[in-house]
Amino acid sequence: MPGRFPLLGEPLPLDLINTAPSLGDLLQTPDDLRAWCTAQAHRLPELGADIDVADVSAVRAIRAHIASALERAHRGQRPRQLDLHALEDAQRGAPAITRLRWEDSGVTAARQRTGTPGQRLAAELAEATAHLLADPAVTTIRQCDARDCVIWFLPTNPRRRWCSAALCGNRMRVARHYQRHKAGK
């Protein structure tokens, strides 16, 4: 897979879930989490270099609840109450305010959260998950059809089957071709 993280650009909760592919957890150290946050910088608030081991644990814990809730919701099942409470608690752990500042000739408004970097990140991820869970599109979330791939995505085309047509899609087409030609011999 290209890059350090397998599939970026999906809804933020799916990008987070995809940091735990079948090859192993990609968020094991503060450096790993910093790298993922940098890759998501256009969608996540500035967390700085303050990320520590406790922050990694907080993000991995919320990731497990996000994965569980989304897995059930995309099948049309009710998410476990434990997962929904964990998402709410994460948001409460780093409340957001709109900070108002006077700059030049006008007021600017910027949303900010309180708490440690891990609490702020977990809250942002939990909030993004809440919005995705409430979106009817949650039932269209898919997992890659490749046998050995666990990547999740929100298809923009209803016929999309693989996380990446160039990687998993091509591998699966080659494998089918090989099986057809092997069976013919």
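pLDDT is the predictor's confidence in each residue, on a scale from 0 to 100. This is a predicted model, in which the protein averages a pLDDT of 87 and 89% of the residues score at least 70. Where pLDDT is low, the predicted coordinates should not be read in detail.

**Nonpolar cores**

- The largest nonpolar core holds 32 residues, of which Leu 33, Trp 36, Ile 62, Leu 70, Leu 121 and Leu 125 touch the most other members.
- Helix 1 (12–17), helix 2 (30–39), helix 3 (53–74), helix 4 and helix 5 each supply at least two residues of this core, and the largest share, seven residues, comes from helix 3.
- A second, separate core consists of nine residues, among them Ala 146, Cys 149, Phe 153 and Cys 163.

- Helix 5 (residues 117–134) has 18 residues and spans 26 Å from its first C-alpha to its last, close to the 26 Å expected at 1.5 Å a residue.
- This helix is mostly covered, with 13 of its 18 residues buried.
- When neighbours within four places in sequence are left aside, Leu 121 is in contact with Leu 33, Trp 36, Cys 37, Leu 44, Leu 47 and Val 59.

**The loop at Asp 104**

- Asp 104 lies in the loop between strand 1 (96–103) and strand 2 (106–113), and its phi is near 55°, a positive value in a residue other than glycine.
- Most residues other than glycine have a negative phi.
- Asp 104 counts as exposed because its relative accessibility is 78%, where exposed means over 50%.

Methods. Residues numbered from 1 in each chain as written. Predicted model: local features only at pLDDT ≥ 70, side-chain atom pairs only at ≥ 80, totals over all residues. Heavy atoms only, no water. Helix = DSSP H or I, 4+ residues; strand = E, 2+ residues; numbered from the N terminus. Expected span 1.5 Å × (residues − 1). Buried < 20%, exposed > 50% of the residue type's maximum accessible area, 1.4 Å probe, protein only. Core = buried A, V, L, I, M, F, W, Y, C linked by side-chain atoms within 4.5 Å. Contact = heavy atoms within 4.5 Å.
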